[in-house]
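Hi everyone, thanks for coming. Let me put today's structure up on the screen, and then I'll walk you through how its pieces touch each other.

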Protein chains: 2
Amino acid sequence: MSTTKTINLKHRPAGKPELTDFDFTTSEVSELREGEVLLRSKYVSVDPYLRGRMSDAPSYIPPFELNKPIASGIVAEVLESKNSNFSKGDYVSGMLEWKETQVANGEGLLKIDQDKAPLSAYLGILGMTGLTAYLGLTEIGKPKKGETLIVSGAAGAVGSVVGQIGKILGLRVVGIAGTDEKVEMLKSEFGFDEGINYNTTENMTEAIAKACPDGVDVYFDNVGGEISEAVLFNINKFSRTINCGAISVYNDTELPKSISVQPFLIKKSSSMQGFVVFDYVDKHPAGIKQLSEWLNQDKLSYSETIVEGFDNIPQAFLDLFDGKNKGKMVVKI
Amino acid sequence: MSTTKTINLKHRPAGKPELTDFDFTTSEVSELREGEVLLRSKYVSVDPYLRGRMSDAPSYIPPFELNKPIASGIVAEVLESKNSNFSKGDYVSGMLEWKETQVANGEGLLKIDQDKAPLSAYLGILGMTGLTAYLGLTEIGKPKKGETLIVSGAAGAVGSVVGQIGKILGLRVVGIAGTDEKVEMLKSEFGFDEGINYNTTENMTEAIAKACPDGVDVYFDNVGGEISEAVLFNINKFSRTINCGAISVYNDTELPKSISVQPFLIKKSSSMQGFVVFDYVDKHPAGIKQLSEWLNQDKLSYSETIVEGFDNIPQAFLDLFDGKNKGKMVVKI
């Protein structure tokens with residue numbers, strides 16, 4: 001029986017995760033049974049939401065178990081197949097474990113086409129990232145042509161796609177990011193109308209008001225915290241907020257406090273709604289189709305930060321919380 | 001030309017309103033012109049939302065002007081009419097000024113039927129109060145039979161109607177109020193399944209969990225603040241919060257802070273939405289019809305606190321913030 005390098009969760013992080021929360025071990029790769037495939041990981045996705053699964057608080061997906069492998073979106077090559085849906089040499093994407101090689105039963109695995117887009121794209125623009133942007137914006141944001149969309153974490157994997165889809169749909173799009181370089185990229189590479197650097201802006205409320213002269217109709221929120229407070233002062237009547245992420249508070253050890261949103265929501269008949277892409281699985285195929293079309297029409301561009309080496313997966317994950325990625329963070333094995 | 005006693009806004013309240021923020025004056029009653037009616041106020045509604053209009057911050061309706069009369073829902077008798085829609089002796093309800101007598105042009109005035117319900121009911125169960133409860137719960141809460149509804153400010157004018165409609169619609173209904181007497185009334189008079197006294201309960205989060213063993217699907221929020229924080233810990237996947245009022249923070253002079261709601265909304269794919277009955281004017285007639293039906297079928301009971309005397313309007317308004325009312329607070333002239 002062969003073995004594989006595996007990354008387990010060693011401790012539940014207290015606050016910001018550290019390298020010592022992860023454990024490199026060697027685990028066995030079982031013999032292939034009927035219906036199973038043997039996979040070699042090629043690209044591993046690291047995502048902020050994984051932080052949530054490292055805690056044991058109840059959430060939309062169960063927490064990771066201690067001393068068991070972490071799992072995330074992975075693109076893998078089929079090395080051997082006893083499942084009629086997959087052949088040796090196919091590439092697949094799915095929720096898989098942080099292992100170099102592993103056996104899977106084929107459930108939830110999607111065969112992907114290397115000729116249509118690079119393999120890593122299936123973890124990003126044509127995977128959960130693109131679907132999160134597309135379905136969050138359209139299903140909850142319900143944007144109407146001519147409205148103003150503001151995006152926090154705009155230079156991130158999801159944010160940069162949200163902004164581009166906003167432009168395709170005919171919105172004024174403003175992005176918030178943390179460096180001048182990222183703000184420049186929002187405009188030059190992703191076609192945002194305006195960008196705001198929250199690290200160099202003293203009064204975010206005023207800066208948002210200036211960038212959104214007609215107010216904010218749709219807010220795609222990836223960060224929560226103080227930036228979202230500043231947006232609240234600029235929301236329009238009947239505005240919609242998509243609560244997609246709250247990376248600014250994920251590592252807080254105490255419950256974070258913010259300005260109470262209720263009076264703002266009442267004054268503006270405004271809504272906020274939590275969005276998780278896994279709630280919309282029935283809309284994923286149509287979403288991937290739409291995203292592929294836009295991608296092939298050169299209407300969507302995406303950026304990736306590709307880190308090399310299985311051993312660097314934990315560090316790549318940690319780097320997300322320091323904003324070291326531009327666009328989707330992926331580890332190439 | 002005759003004159004009338006009038007109540008003006010003298011100062012914009014800083015924090016909790018005080019009697020000295022109001023000014024009793026005498027103003028002229030103009031001669032009746034074509035299309036106008038002369039009205040004598042019979043019942044005056046005092047409501048928490050009026051506090052918002054006393055500040056000059058932008059909101060869903062414009063602020064009151066200083067040294068001008070305050071306006072609220074009023075039931076009045078037609079003393080004289082030069083408007084073909086109304087005759088002498090009719091009773092009407094509408095947004096009118098805090099005056100003993102006044103001239104109005106008939107716009108927005110609704111003729112009401114004294115035989116169907118007592119006049120004061122048209123300021124409550126068959127007026128904005130009942131419509132707020134009914135349209136907020138159904139349009140935003142979208143409750144499904146068998147779900148659990150929790151109501152804050154449950155013994156108040158809106159809250160007590162929300163709970164009863166919840167029972168009519170087949171929900172488990174839990175109410176939160178501030179005295180044992182009110183909690184008892186929720187159960188005995190309004191048919192709530194459970195009640196919680198927030199003033200004597202040490203751990204509201206646990207108390208809500210106990211009263212809602214299947215979690216909270218719909219939260220009709222009249223108060224905001226700490227009570228709403230405790231509810232957050234008990235919301236179910238896909239739950240909906242109707243943000244109808246935030247009386248607990250209306251008098252705060254600094255922006256109130258609460259636990260950040262975003263991580264909860266994301267974890268539970270949950271929504272919060274501000275509700276203002278004035279946004280749904282097209283649904284008011286059907287709403288009044290439904291409420292009248294339920295009232296005539298004895299499916300709805302309501303309570304009123306009736307204060308007597310025009311001069312006592314400001315004090316009755318102040319008493320709202322000390323929870324001195326049971327149900328709708330109305331001043332009889």
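Before I go on, some ground rules. This is a predicted model, where local features need pLDDT of at least 70 and side-chain atom pairs count only at pLDDT 80 or more, while totals for chains, interfaces and linings use all residues. Residues are numbered from 1 along each chain as its sequence is written, chains are lettered from A and ligands numbered from 1 in the order in which they are written, and side-chain values use heavy atoms, leaving out hydrogens and water.

Back to our strands. Strand β12 of chain A, residues 235–243, runs parallel to strand β14 of chain A, residues 271–274, and they share 4 bridges. Strands are DSSP runs of E, at least two residues, and helices are runs of H or I, at least four, numbered from the N terminus; two strands pair if DSSP finds at least two bridges between them. Now look across to the other chain: β14(A) also pairs with β14 of chain B, this time antiparallel, over 3 bridges. There, A:M272 has B:M272 as its bridge partner.

So what else is in that chain interface? Each side brings residues into contact (heavy atoms within 4.5 Å): 37 from chain A and 37 from chain B. About 3000 Å² is buried between the chains, with 60% from carbon and sulfur atoms. Buried area is the accessible area, with a 1.4 Å probe, that two parts lose on being put together, summed over both. In chain A, the residues losing the most area to chain B are A:Q262, A:I266 and A:K267, together 20% of what that side buries.

The rule finds 4 salt bridges across the two chains, meaning a side-chain nitrogen of Lys or Arg within 4 Å of a carboxyl oxygen of Asp or Glu. One joins B:D279 to A:K237, with the closest N and O atoms 2.8 Å apart. And which element gives the most to chain A's side? It's α7(A), with 6 residues.

Last stop, inside chain A. An automatic or database assignment divides the chain into domain 1 (3–124 + 303–332) and domain 2 (128–278). Okay, that's my tour!
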